[in-house]
Amino acid sequence: MGGMTQTASGTGTGRKVSEARERLLGTAARLFYAEGIHTVGVDRLVAEAKVTNATFYRHFRSKEELAVAYIESVDQAIRTQIGALTAADVPTDDILRGIGASLVEQIRSPGYRGCAFLNAAAEFPDPAHPVHRAVVSHRAWFLRTITGLFAEITTDQADHAGRHFVMLRDGAMSAGYLGDPVLAGETLQRGIEGLLRIHTARGPGGSAAPTPGDAPSATAVTGIECAPPDA
């Protein structure tokens, strides 16, 4: 999780303080994702992170502040991974396929219990709550990023394609937890491939008809997950 290993300056024990914060955040990520934010109390977080209550409150004023940090850490991990991919020499359609393949890999992984962002929003439905706002901020960024990728394929339909991709993703993340993860993953990949075929044909100078057949294979993009690492 990016930025969690920085040391505090001028304390003489900055490294220990930083390591304690990292343990708290890692413990919170594991427990919040597996069991829910409301279910896990501060006493348990402190015990499993092997820190004191004083250390906890030195870093986080409340459990809800820690929950915001948890959501932001998952968000930052996804931003970093997609940022590295978009900066590389990878065709746009393969970036989108790779994001989809990574989501499929996550849906089928042991311990999967849905999207960390959607789960947190369900626990904090008040739009004004900091946890809810952190979720909305991530989703707004993700939609902008996906829409920007589709804008490289189709100028007129990028907004529609971006929204469609995110809705496919949301449905697959939920269906993969509540139903058959294999079918959910297959449906997501076919949906993404359909979007690419349709919008490539509509793109600038792209008058060619969509090519029928099975969706090409896609390589998962490591780390693009809507759950904390090693959850």
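Trainee: Is Asp 170 buried or exposed?

Mentor: Keep in mind that this is a predicted model. The relative accessible area of Asp 170 is 15%. Buried means under 20%, so Asp 170 counts as buried.

Trainee: Okay, and which helix holds the Arg 139 that pairs with Asp 170?

Mentor: The side chains of Asp 170 and Arg 139 meet in a salt bridge, 2.7 Å from N to O. This pair ties together distant parts of the chain, 31 residues apart. Asp 170 sits in helix H8, while Arg 139 belongs to helix H7.

Trainee: What is the N to O distance in the salt bridge between Asp 170 and Arg 169?

Mentor: Arg 169 is buried, with a relative accessible area of 3%. Its side chain meets that of Asp 170 in a salt bridge, and the N to O distance is 2.5 Å.

Trainee: About how many helical turns separate Asp 93 and Arg 97?

Mentor: Those two form a salt bridge, with the closest N and O atoms 3.1 Å apart. Asp 93 and Arg 97 are 4 residues apart in helix H5, so the separation is about one helical turn.

Methods. Residues numbered from 1 in each chain as written. Predicted model: local features only at pLDDT ≥ 70, side-chain atom pairs only at ≥ 80, totals over all residues. Heavy atoms only, no water. Salt bridge = Lys/Arg side-chain N within 4 Å of Asp/Glu carboxyl O. Helix = DSSP H or I, 4+ residues; strand = E, 2+ residues; numbered from the N terminus. Buried < 20%, exposed > 50% of the residue type's maximum accessible area, 1.4 Å probe, protein only.
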